[in-house]
Amino acid sequence: MFNEVKKTMQWGEETLTLETGKVARQADGSVIATLGETSVMANVTFAKQPKEGQDFFPLTVHYQEKYYAAGKVPGGFFKREARPTEKETLTARLIDRPIRPLFVPGFKNEVLVMCTVLSHDLVNDPDMVAMIAASAALTISGAPFMGPIAGCRVGFEDGEYILNPDVEDMHDLRNKPDQRLDLVVAGTKDAVMMVESEAYELTEEEMLGAVTFAHEQIQPVIDLIIDLAEESAKEPFDFQPPDYTELYEAVKAAGEDQMRSAFAITDKQERTAAVAAAREAIKEKLTEEQLEDANLGSAMKKLEAGVLRGDVVKSGKRIDGRALNEVRPIVSETGILPRTHGSALFTRGETQGLVVTTLGTGDDEQIIDALHGNFRSNFLLHYNFPPYSVGEAGRVGPPGRREIGHGKLAWRALQAVLPAATDFPYTIRVVSEITESNGSSSMASVCGGSLSMMDAGVPLKAAVAGVAMGLVLEEDGSYGILTDILGDEDHLGDMDFKVAGTEKGITSLQMDIKVAGITPEIMKNALAQAKEGRLHILGEMGKALSEAGDFSIHAPRIETMNIPTDKIREVIGSGGKVIREIVEVSGAKVDINDEGVIKIASPNGEAIQKAYDMIHSIVAEPEEGHVYKGTVVKIVDFGAFVNFFGKRDGLVHVSQIENRRLNHPSDVLKEGQEVWVKLLGFDDRGKVRLSMKVVDQETGEEVKKEEKAED
């Protein structure tokens, strides 16, 4: 009934298995990939005809994490998987980016790739397994896909690169100083296609070494996919790339000069209008048959790309007149919003970000219900890209894949320089509002985010800057690397290579390419040129703010204290009674975690101190030999009981009240009277022994032995 094909290999410390032929047999390609006990099913289908008049490639990639894969039930009120989580969206992008450039140029049939996590062993992250499964499914589907690709994750600890580290090893790297890298690389047999990373100030050499290491490690996986395809692949889909050479020559002859003049305009809005006018002028010179040709859009784009790219390699000049390694003019401003905790306006050419920082308490942390467990995040970065930022009118909705991806890239870049939670116990939320965009708005978010947090008083370890690099690669192998690319250079170039970091090293790296990979030489030169650009931008940012400013008067103050874990129950009280009383009496917010770390927050310093004192009185133990101020709570024949430490009472024996004989303690004491006492110690039964006579009742100071002798 089934025509099963199964291939297995040892990959690192785990076994990787690819199997097809048993499940989802009506899909064009279906593969279940398993690494350890993590399994992902990838299914590929594609339309056999393009939609009429369609001039783009409609590729859709979905990645779904099913909670049953880890033996969990989804949280919240609706007990089924709903809209994609941030992790699912980011993983779908990870898979999309390396496979999209590998479809045969001109292929415009709709393609759907669906990856479903079936099993998760909580050790091997399913995202890389999904990428491998998707590549294998595409390879055997018969679609015109010039793969296969493979991907892997790389860690960096104690100077050694680690292949596919465990999920737990990659979680919360900020609190794991030995683990300095979370890098994902995808590539073909010959070249790297995609890079995504979170790093902790790695040098350019260390980062390049990690990428090279990853490319070496994926080679046997590519071979395994080829072995699977040799036995199970369907007949290749009969697709011939369209030949629109004649149409392109007609378009070129009709308007190359006007298009070149349009791209020579520096101002983005004027240039956009001039390019649109050039397109219309070209169309007026074409025949009716040429206007109806489905490849007209491709011919137009080829002309625009040729004009934009033409002088880059030959003359080293770009459409806005800059040299290849030149950064656009930068203006940095901080403290521009009066009531926010921190704010910055970062402008680089025609790209601008208004970035705002808000400081919150532990109650503001984001609770994340992930497949591998629930955890909290105290650093949030949200990126918004409204239509007006590019001079357009459009629908405004919830964050899309692009906004989530750009926000996560900026988050990764800034994560490395945040202070430890024990040193700065605040929840930090950074919001980047892109107000203008002409290339590299995610890197503007990095620069603005760094300035904004410093303006809020966040003690960052160092300032962070980001720069987007581009590439123009000619057929003869010659190339030009562009620093701080424009939107048009991104759209019509061959690479978008974003690098963020401090003066010491790289904190984030992301690469997307539109050609079949780049060589290590190009990447090395791009990293070196990016470092020059990054240092220049850091210098410009330093003119506005180079270190953390004064703490905002509008932000809550937070003090932390640590208590023994066996005292947590006493602080919370039955049904939360004690901690509610502390909050009500002091006026401060109190948050306590399972490790015994307590955060006390309030704009009022007196409220914080009152809450601190109340908690301290509950959890602290009295120390022998110390003097305390107490209140007489009960008088008996043999002495007086004094409440001297929180709710702790102790006995002052009648012989310890004064340096003379008393008939009865009531001769000198009465209930409710405040007295000074010294803790002498504890008797054999653990009862407290106190003394009044060794303490000056006027000053509260201990009476010295010499003074007692004179008396």
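This is a predicted model: local features need pLDDT of at least 70, side-chain atom pairs count only at pLDDT 80 or more; totals for chains, interfaces and linings use all residues.
In helix α13, the buried residues are Ile-522, Met-523, Ala-526, Leu-527, Gln-529, Ala-530, Gly-533, Arg-534, Ile-537, Leu-538, Glu-540 and Met-541.

**Aromatic rings**

The structure contains 19 aromatic pairs. One of them joins Phe-57 and Phe-103 in a tilted arrangement, with 4.8 Å centre to centre and 55° between the planes. This pair connects distant parts of the chain, since Phe-57 belongs to the loop between β4 (38-46) and β5 (59-65), while Phe-103 belongs to the loop between α1 (86-99) and β6 (111-119), 46 residues apart. Both Phe-57 and Phe-103 are buried. Phe-103 also pairs with Phe-107, here in a stacked arrangement, with 6.2 Å centre to centre and 5° between the planes. The two pairs are set out below.

| Pair | Centre to centre | Angle between planes | Arrangement |
|---|---|---|---|
| Phe-57 and Phe-103 | 4.8 Å | 55° | tilted |
| Phe-103 and Phe-107 | 6.2 Å | 5° | stacked |

Are Phe-103 and Phe-107 buried or exposed? Phe-103 has a relative accessibility of 4% and therefore counts as buried, and Phe-107 is likewise buried, with a relative accessible area of 3%. Ring pairs extend the picture to a cluster that is made up of Phe-46, Phe-57, Phe-103, Phe-107, Phe-145, Phe-237 and Phe-239.

**Charges over rings**

A member of that cluster, Phe-46, also has a lysine over its face, namely Lys-48, at 4.1 Å from the ring centre. A further arrangement of this kind involves Tyr-248, over whose ring the charged end of Lys-302 sits, 4.5 Å from the ring centre.

**Cysteines**

How many disulfides does the structure hold? The number is zero. A disulfide is a covalent bond between the sulfur atoms of two cysteines. For Cys-152, the closest cysteine sulfur is that of Cys-115, and because the two sulfurs are 17 Å apart, they are too far from each other for a bond; the cut-off for a disulfide is a pair of sulfur atoms within 2.5 Å. Cys-152 has a relative accessible area of 0% and is therefore buried, and Cys-447, at 0% relative accessibility, counts as buried too.

Methods:
Residues are numbered from 1 along each chain as its sequence is written. Side-chain values use heavy atoms; hydrogens and water are left out. Buried means under 20% relative accessible area, exposed over 50%, partly exposed in between (1.4 Å probe, protein chains only). Rings of Phe, Tyr and Trp (its six-membered ring) pair if their centres lie within 6.5 Å; planes under 30 degrees apart count as stacked, over 60 as edge-to-face and the rest as tilted. Helices (H or I, at least four residues) and strands (E, at least two) are DSSP runs, numbered from the N terminus. A charge sits over a ring if NZ of Lys or CZ of Arg is within 6 Å of the ring centre and within 35 degrees of the ring normal.
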